[in-house]
Amino acid sequence: MNLRKTFASATAMSLIMSAGAFAEEITIATVNNADMIVMQELAPQWEEATGNTINWVVLEENVLRQRTTQDISTNGGSFDIMFIGAYETPIWGANGWLEPLNDFGDDADYDLNDIFQLVRNGLSDSEGNLYALPLYSETSFTYYRTDVFEDKGIAVPEGQPTYEEFAAMAAAAHDPENGIFGTCQRGKAGWGENMAFVGPLVNAFGGRWFDMDWQPQLDSEEWNNAITYYVDLVSNYGPPGASLNGHNENRALFKDGKCATWVDATSAATDVKNPDTSTVADVTDFFKAPKQVTDKGTGWFWSWALAIPASSQSKDTAKDFLKWATSKEYFELVGETKGWVAVPSGTRQSVEADPRRLEAAPFASTIVDAILSVDPADPTLEPVPYTGVQFVAIPEFQGIGNYVGQQISAALAGQQSVEEALANSQTFAVREMTKAGYIK
Amino acid sequence: MARAVSTKQKSINTAIAGTLGFLMFFPILWILILSFKTEEDAIRAPLEVLFSSGWTLDSFGAVQARSDYFKHFSNSVIISVGSTVLGLLIAIPAAWSMAFVPSRHTKNILMWMLSTKMLPPVGVLVPIYLIFRDTGLLDSRTGLTIVLTLMNLPIIVWMLYTYFKEIPGEILEAARMDGASLREEVLYVLTPMAIPGMASTMLLNIILAWNEAFWTLNLTAAKAAPLTAFIASYSSPEGLFYAKLSAASIMAIAPILIMGWFSQKQLVRGLTFGAVK
């Protein structure tokens, strides 16, 4: 009996020890947004099923970008999974800093082809190697207040309006005495802030960042027309202090009923249409982001995705988590536990076609249509040597985009003219591109 | 002869000081108010936030449920106290030698030490990151304690040097004539006289280390992250989490505020008076 007990104990101990030996701890660096909060809440199910554990490192977006760039470029190995965007993924992948994920294509259960082709392309390098798996994707479209449009007799556009028509709508809706501003747009400086709106606006006016020889085009007539329009629009029909407002500030203003129109990320629609978090949930609808001389590149493209750094010491476990967190089963789990309105949008075709999703979020198909109408590989009227709608997928863009954003924000605040802002931007861009070797 | 101050003047001075004090405290007060609101109420206009919305502890509960506050708190305590103790162990002998047995290079050394504080930390981030990577100190409390010690060492040495300089050398000489060894001289003569100064140096250094956000964010990931990283995790560019961010901020600053409140007399005394006054 004692021998049997001893044998049983030894077997149990060895099983526990071997399970412990295989269980791994992974560290995930991520931002603090609604979709990632849901993932953190559901991740214990994966931990329980696999015996592995997750350390979450949650950081503000700019801090996360700086922290992950620093770690991955120095081969630091602090993280096993990073939450990164469509801008970093192709650049880091081409540098060999990310683990290729092409083998997910061989996994029939995972069904990689179910993820929108456009999104996969945005997370691959020029040779088609996939480096990240998307959690959600977004473009920009116009939020508008149906009640204000009705009160002021403003016709809702049938298709895609022009920016001229959009300015007329903002002017007609502008009623600051009654606490309604005609339009709220991003003014806070930064390539991910005001330039996310300005980039597609310039595309619509026929502009581009660089010509085919990588010569900056910031002092062109198209840029001047676009930025003059932007400064006039926001100064005349926007809230006071608009040069300090970013996505969050405008989202708060819109949800609080202060804005008649807002061109911004489709990913905010779930929040704006939620009566528990928004005062305008029942009186908000959408139409496409406006065009002007062209409809190319008029809505931005962005995707937040999970990638594995090449420096990770637990690649297999990280891959297993990645597979779980971007699988059909995960989306199903979110739908069943958090509601189908909370399912990450713009990623899987099967999810977006699911009747439960369409019933809970009737605006979902508008978002998908908007996302699918974007082509980051052909974003402008004139040909360009780069990909990206609201950004240029080269490492130098971050610095250039931030500088141009500061100049345009200063023009909006009335600290300098549009001409001065664009002249300074052109000089800076020429210097940076020459330094980087694009211009001889 | 003391200048006579009228009652009216006193009232005006008190009102000005009170207003300035309130303005300085107002951001913390507002964070405190928002931490007791729901996310929906927290983004309303200020008057609505104050008068037409309810009070709740939900944000504190949500923050505690999502983040391991006590892990971050214990990291903060270990790093700030550890770096302060280590800094004092190095700085006391250094300040003693500079104050009582100065050489002709002492002034230059003091200025050089201070000049290291003039360098933007980001300038040495990559070399330090690489050293930490190669020595296995990334995301470790030991590594952070060392870095924060080195970062704050010039301030500790300067403060202690200033206090020690005010202690008359004759007192130490007398102790030596009475047969005190160097250790006894420092421990039993110098230290008791310099205690207010050492206490304020210690408190100030703990506060500096507690609030340090550049190195603590850049050199940690999950294991050694202190409360600064805890706050940063509630800042969001997409989505509004002002109430939770405020709750996290209050939870992070509360221990150091309480410590500062109880030790403010010593802190002010140490910072405004010399060692033997």
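User: Is A224(B) buried or exposed, and why?

Analyst: A224(B) is buried because 23 other C-beta atoms lie within 10 Å; a residue counts as buried if 20 or more other C-beta atoms, placed from the backbone, lie within 10 Å of its own, as exposed if 12 or fewer do, and as partly exposed in between. This is a predicted model, in which local features need pLDDT of at least 70 and side-chain atom pairs count only at pLDDT 80 or more, while totals for chains, interfaces and linings use all residues. Residues are numbered from 1 along each chain as its sequence is written, and chains are lettered from A and ligands numbered from 1 in the order in which they are written.

User: Where is A224(B), and what does it touch?

Analyst: A224(B) is in the loop between α11 (214–218) and α12 (227–232) of chain B, and, not counting residues up to four places away in sequence, A224(B) touches N75(B), D139(B), S140(B), R141(B) and L144(B). Contact here is between C-beta atoms, placed from the backbone, within 7 Å.

User: How many residues are in the largest nonpolar core?

Analyst: It has 180 residues, and those with the most contacts inside it include L160(B) and A95(B); such a core is a set of buried Ala, Val, Leu, Ile, Met, Phe, Trp, Tyr and Cys residues joined through C-beta atoms within 7 Å.

User: And what does L160(B) touch?

Analyst: Not counting residues up to four places away in sequence, L160(B) touches A91(B), I92(B), A95(B), G197(B), M198(B) and T201(B).

User: How far is A224(B) from Y163(B)?

Analyst: Their C-alpha atoms are separated by 34 Å, and the two residues are 61 residues apart along the chain.

Terms used. Two residues are in contact if their C-beta atoms, placed from the backbone, lie within 7 Å. Helices (H or I, at least four residues) and strands (E, at least two) are DSSP runs, numbered from the N terminus.
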